[in-house]
Every structure is written in structure tokens, then in C-alpha cells.
Amino acid sequence: MEFEHISVLLNECINSLNIKQDGVYIDGTAGGAGHSLEIAKRLKDGKLFALDRDPDAVKASTERLGKYKNAKVIKANFCDMKNVLENEGVNGVDGVLLDLGVSSHQLDTAERGFSYHTDAPLDMRMSQSGITAKDIVNTYSPDDLTRILLDYGEEKFARRIALKIDEKRKIKPIETTLQLAEIIKEAYPAAARREKNPCKRSFQAIRIAVNSELEALKEGLEGAFSLLNPGGRIAVITFHSLEDRIVKQIFLNWCKGCTCPPDFPVCVCGNKPKARLVNKKPITASGEELSLNNRSRSAKLRVIEKL
């Protein structure tokens with residue numbers, strides 16, 4: 001299957017990175033190489049490292065970036081970028097881009113098991129290795145399932161869904177996406193079943209748990225910032241409130257500087273801001289982009305520059 005993915009906030013990302021012809025850049029979520037291509041086009045003596053943990057994305061990016069000798073595609077999780085770049089002999093970069101969440105290709109390839117609209121094995125692994133959604137759904141305790149649905153999906157009926165999953169799996173294993181979708185709908189109170197997407201939050205939560213997405217985000221941001229040269233920038237596109245909250249908080253901490261209690265008359269800690277916000281409010285998709293790509297509706301771009 002062709003790796004199709006429309007790059008969200010493409011021009012906004014490229015402009016925000018303030019690309020230098022001789023700079024070194026990381027696209028930590030290469031996907032179909034949409035953003036990577038635009039970065040590579042702008043480099044002369046610089047270098048682009050395009051990372052992705054999905055073998056399908058690595059294959060597609062390698063093909064699409066093939067004619068750019070200044071671009072290198074590496075199969076890796078962006079949370080490991082510091083080690084990956086050090087192994088490449090690189091200790092400093094001028095920009096890092098992260099386009100978070102699940103790609104259109106992953107959603108639209110039924111057998112990957114990300115979507116609740118088509119029947120497929122319960123998988124949801126971005127790397128196509130490790131534990132699957134089926135493993136979590138069939139082996140985690142009701143308490144652990146409740147925690148996942150609450151913490152990663154902000155699902156208000158988390159406990160009901162977890163208990164319904166436990167009830168059904170005792171009869172037979174839950175193996176497909178539509179099986180799980182029906183169980184979630186059944187767990188919803190009758191008055192709430194009219195909700196447009198009762199499965200959305202639960203599928204998001206399980207996917208995040210399968211891929212350790214929030215932990216990877218925190219590690220990836222710290223690794224990116226440690227690699228960043230002064231004046232370098234990190235641009236992050238998020239698609240739901242949990243991701244955006246983490247990015248916003250970490251960025252603000254880097255910009256904060258002084259950590260003295262507010263009632264201290266003068267600063268005694270000596271801490272100075274490490275970075276500045278390039279855009280104080282997140283950048284969102286234009287009306288034109290929304291009309292072309294509905295999946296850009298929830299996208300938020302935050303950018304920070306190292307001092």
C-alpha cells in the first residue's frame with residue numbers, strides 16, 4: 001500500500017524552523033517525508049536526519065528523500081534521538097521537528113488496527129513490534145485498564161468500559177477492532193450512546209499505552225533540547241490536549257528562569273531562562289488547510305528557540 005499522508009501545517013513548520021542552508025536538522029517523525037522533503041530542499045551544505053519507528057514510514061521516506069544526499073533516514077524512536085545523533089557523530093543541531101500522533105497511513109491501513117471504523121486485528125503498534133492492543137485489552141487488570149482510559153483518554157466512563165471488557169474477555173478473547181468498538185458502545189449508558197464517536201477516547205488511550213507515546217514525548221523533548229545549538233528551534237505539532245499540555249508545560253519551564261518563591265523580594269536562585277517562545281499562542285490550521293484536510297482541525301504548533 002502506498003504511504004499516503006498529508007503533512008499538517010507544512011508551511012508554518014518550515015517557516016518556524018528558520019532553516020539555514022548549512023544547518024543540521026532532525027525530523028523526529030518522518031512519516032511520508034512531507035516535512036522532511038521541504039527541509040532537505042532548503043539545505044546546501046547542511047544535513048537532515050529523518051527518524052521514524054514505523055518500518056513503512058522508513059521505507060517511504062528513504063524512497064522520497066533518495067535524491068537528497070544531505071538527508072539520511074534512520075529507523076528509530078524520536079525519544080532516542082540524542083543517542084542516534086551521537087552515534088552519527090553529531091553533537092549539535094539547529095532545529096528539531098516533531099509531528100505527533102498517528103499518521104493517515106496508519107489510520108487508513110486497516111490491518112494496522114488503529115481505526116474503529118474497519119475490522120482488523122487489535123494491533124496499534126507504530127513500530128510494528130512489542131506489545132499489541134490485543135495484549136493490553138486481554139491481559140491488563142480492570143484497574144489498569146481504567147487507569148489507561150482515564151489518564152490517556154480522559155474517558156469519563158472508563159470504569160464501566162474496563163469492567164465490560166473484563167466481562168467479555170472471560171467469555172472469549174477480544175481480538176479485533178470492531179469487537180472492542182462494540183464492547184465500548186455497550187458499556188456506554190443509553191443516554192450517552194448518541195455521542196458521535198464513543199470509541200474515540202478509548203482507542204486513543206489504548207494506542208498511547210501501546211506505544212508509550214507520552215513518555216516518549218517527554219524524553220524526546222529533553223533529548224532534542226540537549227542537542228539544540230543556541231538559536232536553534234524545536235517545533236512540535238500536537239493533536240490532543242494531553243500532548244499539548246506536556247509540550248506547553250515543558251516549553252514554559254525552559255522559558256521560566258527564576259524558581260524562587262514568589263514572595264522573595266529578589267532572585268537568589270540565579271536561574272536564567274534557557275529558551276524563548278517563538279509563538280506565545282499555538283499556531284493552528286488556516287481555513288484553506290481545514291477545507292483540504294479535516295485531520296488538521298485539532299493540530300496545534302508550538303515553537304521554542306534556545307537562548
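Visitor: Before we start, when do you call a residue buried?
Guide: Buried means under 20% relative accessible area, exposed means over 50%, and partly exposed is in between. Keep in mind that this is a predicted model.

Visitor: OK, so is Met-124 buried or exposed?
Guide: Met-124 has a relative accessible area of 0%, so it counts as buried. You'll find Met-124 in the loop between helix H5 (104-108) and helix H6 (133-139).

Visitor: And what's its backbone doing, what is the phi of Met-124?
Guide: The phi of Met-124 is near 70°, a positive value in a residue other than glycine. For background, most residues other than glycine have a negative phi.

Visitor: Which phi does Gln-128 have?
Guide: Gln-128 isn't a glycine either, and its phi is positive, about 60°. Gln-128 also sits in the loop between H5 and H6. With 32% relative accessibility, though, Gln-128 is partly exposed.

Visitor: Switching to the sheet. What order do the strands come in?
Guide: The order is S3-S2-S1-S4-S5-S7-S6, an open sheet of 7 strands with mixed pairing.

Visitor: Why is one side of S3 and of S6 left without a neighbour?
Guide: Strand S3 (71-75) and S6 stand at the edges, and each has a single partner strand, so one side of each has no neighbour in the sheet. On average, neighbouring strands here are turned by 15° against each other, ignoring direction.

Visitor: How do S1 and S4 run, and how many bridges join them?
Guide: Strand S1 (residues 24-27) and strand S4 (residues 93-99) run parallel, joined by 3 bridges.

Visitor: Which strands does helix H2 touch?
Guide: Helix H2 (residues 34-41) packs on the sheet and touches S1, strand S2 (47-52), S4 and strand S5 (228-238). The direction of H2 makes about 170° with that of S2.

Visitor: Now the surface. Which residues make the nonpolar patch?
Guide: Phe-264, Val-266 and Val-268 make a nonpolar surface patch of about 290 Å². Val-266 is exposed, with a relative accessible area of 55%, and its place is in the loop between helix H12 (241-256) and strand S6 (275-277).

Visitor: Last one: where is Leu-178, and what is it in contact with?
Guide: Leu-178 is in helix H9 (residues 177-187). Leaving aside neighbours within four places in sequence, Leu-178 is in contact with Tyr-116, His-117, Thr-118 and Asp-119. Leu-178 is partly exposed, at 31% relative accessible area.

Terms used: Residues are numbered from 1 along each chain as its sequence is written. This is a predicted model: local features need pLDDT of at least 70, side-chain atom pairs count only at pLDDT 80 or more; totals for chains, interfaces and linings use all residues. Side-chain values use heavy atoms; hydrogens and water are left out. Patches are made of residues with over 30% relative accessible area and no salt bridge: like charges are joined within 9 Å, nonpolar side chains (Val, Leu, Ile, Met, Phe, Trp, Tyr) within 5 Å. Accessible areas come from the Shrake-Rupley method with a 1.4 Å probe; for residues, only the protein chains shown count as cover. A salt bridge is a side-chain nitrogen of Lys or Arg within 4 Å of a carboxyl oxygen of Asp or Glu. Helices (H or I, at least four residues) and strands (E, at least two) are DSSP runs, numbered from the N terminus. Buried means under 20% relative accessible area, exposed over 50%, partly exposed in between (1.4 Å probe, protein chains only). Contact means heavy atoms within 4.5 Å. Two strands pair if DSSP finds at least two bridges between them. Axes are lines fitted to C-alpha atoms, for helices over the stretch in contact, and angles run from 0 to 180 degrees between N-to-C directions.
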